[in-house]
Amino acid sequence: MNLQWNTTIISPKELIHLSRGDKRMIRKYLIQFQELIPQRINSLKESLKARDRKHIRQLLHQMSPQIQFFGIIDLVEPIRRLEVDYKTMPLEDLNTLVDTVIIKLTLALNEVHITLKENF
């Protein structure tokens, strides 16, 4: 398998392992990420604006396996903290952590786009 992985946010090790190096499967997962994550980012922004802590937690919980699957390890701890402390966390901290998640996911989306463009 000869894929170009010029990434700093995404670590493709788990993706390659779970897809058994099958280039078609990797492409499928990259496209799914590219299709699903923008909608989830928008939902996070809307939930943050509405101060809907429960929905933020639900969204992050739904995304957690995909984030781990794509090796975005920088987000594991912020998401874990948001999942556990979402009710009691000061609003400023909640905003900061959700903004961090949104920024990292946006950067990951850019890397997915580049990886697809360079390899498929």
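In this predicted model, helix 3 and helix 4 pack at an angle of about 150°, with 10 Å between their axes. Because angles over 145 degrees count as roughly antiparallel, helix 3 and helix 4 are described as roughly antiparallel to each other. The crossing of helix 3 with helix 4 is left-handed. On the side of helix 3 the contact is made by Arg57, Leu60, His61, Ser64, Ile67 and Gln68, and on the side of helix 4 by Val76, Ile79, Leu82 and Glu83. Sorted by class, this contact of helix 3 with helix 4 holds five nonpolar, three polar and two charged residues.

**Helix 5 and its partners**

Helix 4, which covers residues 76-85, also packs with helix 5, which covers residues 91-119. The angle in this case is about 140°, and the axes of helix 4 and helix 5 are 10 Å apart; helix 4 and helix 5 are therefore oblique to each other. Their crossing is left-handed. From helix 4, the residues Pro78, Ile79, Arg81 and Leu82 meet Asp93, Leu94, Leu97, Val98 and Val101 of helix 5. The contact of helix 4 with helix 5 consists, by class, of seven nonpolar and two charged residues, with no polar ones.

Helix 3 packs with helix 5 as well, at an angle of about 35° and with the axes 13 Å apart, and helix 3 passes helix 5 in a left-handed crossing. In this contact Arg53, Ile56, Leu60, Met63 and Ile67 of helix 3 meet Leu91, Leu94, Val98, Val101 and Leu105 of helix 5. By class there are nine nonpolar residues, no polar residues and one charged residue in the contact of helix 3 with helix 5.

| Helix pair | Angle | Axis distance |
|---|---|---|
| Helix 3 and helix 4 | about 150° | 10 Å |
| Helix 4 and helix 5 | about 140° | 10 Å |
| Helix 3 and helix 5 | about 35° | 13 Å |

**Aromatic rings**

A search of the whole structure finds three aromatic pairs. One of them joins Phe33 and Phe70, whose rings are tilted, with 4.5 Å from centre to centre and 40° between the planes. Since Phe33 belongs to helix 2 and Phe70 to the loop between helix 3 and helix 4, this pair ties together parts that are 37 residues apart in sequence. Phe33 and Phe70 are both buried, and for Phe70 the relative accessible area is 1%.

Phe70 also pairs with Phe69, in an edge-to-face arrangement with 5.6 Å between the centres and 80° between the planes. Phe69 has a relative accessibility of 15% and therefore counts as buried. Through ring pairs, Tyr29, Phe33, Phe69 and Phe70 are linked into a cluster.

**Two arginines with positive phi**

Most residues other than glycine have a negative phi. Against that background, Arg20 has a positive phi of about 55° although it is not a glycine. Arg20 lies in the loop that runs between helix 1 (13-18) and helix 2 (23-49), and with a relative accessibility of 77% Arg20 counts as exposed. Arg51 likewise has a positive phi of about 55° without being a glycine. Arg51 is located in the loop between helix 2 and helix 3 (53-69), where Arg51 is exposed, with a relative accessible area of 59%.

From Lys87 to Asp52 the separation is 35 residues in sequence, while the C-alpha to C-alpha distance in space is 9.9 Å.

Trp5 is placed in the segment before helix 1, and because its relative accessibility is 19%, Trp5 counts as buried. When its neighbours within four places in sequence are left aside, Trp5 is in contact with Pro12, Leu15, Ile16, Ile26, Leu30 and Thr115. Between Trp5 and Asp85 there are 80 residues of separation in sequence and 35 Å in space, taken from C-alpha to C-alpha.

Conventions. Residues are numbered from 1 along each chain as its sequence is written. This is a predicted model: local features need pLDDT of at least 70, side-chain atom pairs count only at pLDDT 80 or more; totals for chains, interfaces and linings use all residues. Side-chain values use heavy atoms; hydrogens and water are left out. Axes are lines fitted to C-alpha atoms, for helices over the stretch in contact, and angles run from 0 to 180 degrees between N-to-C directions. Helices (H or I, at least four residues) and strands (E, at least two) are DSSP runs, numbered from the N terminus. Angles under 35 degrees count as roughly parallel, over 145 as roughly antiparallel, 65 to 115 as roughly perpendicular and the rest as oblique. A crossing is left-handed if the near helix is turned anticlockwise from the far one by less than a right angle, and right-handed if clockwise. Contact means heavy atoms within 4.5 Å. Ala, Val, Leu, Ile, Met, Phe, Trp, Tyr, Cys and Pro count as nonpolar, Asp, Glu, Lys and Arg as charged, and the others, Gly among them, as polar. Buried means under 20% relative accessible area, exposed over 50%, partly exposed in between (1.4 Å probe, protein chains only). Rings of Phe, Tyr and Trp (its six-membered ring) pair if their centres lie within 6.5 Å; planes under 30 degrees apart count as stacked, over 60 as edge-to-face and the rest as tilted.
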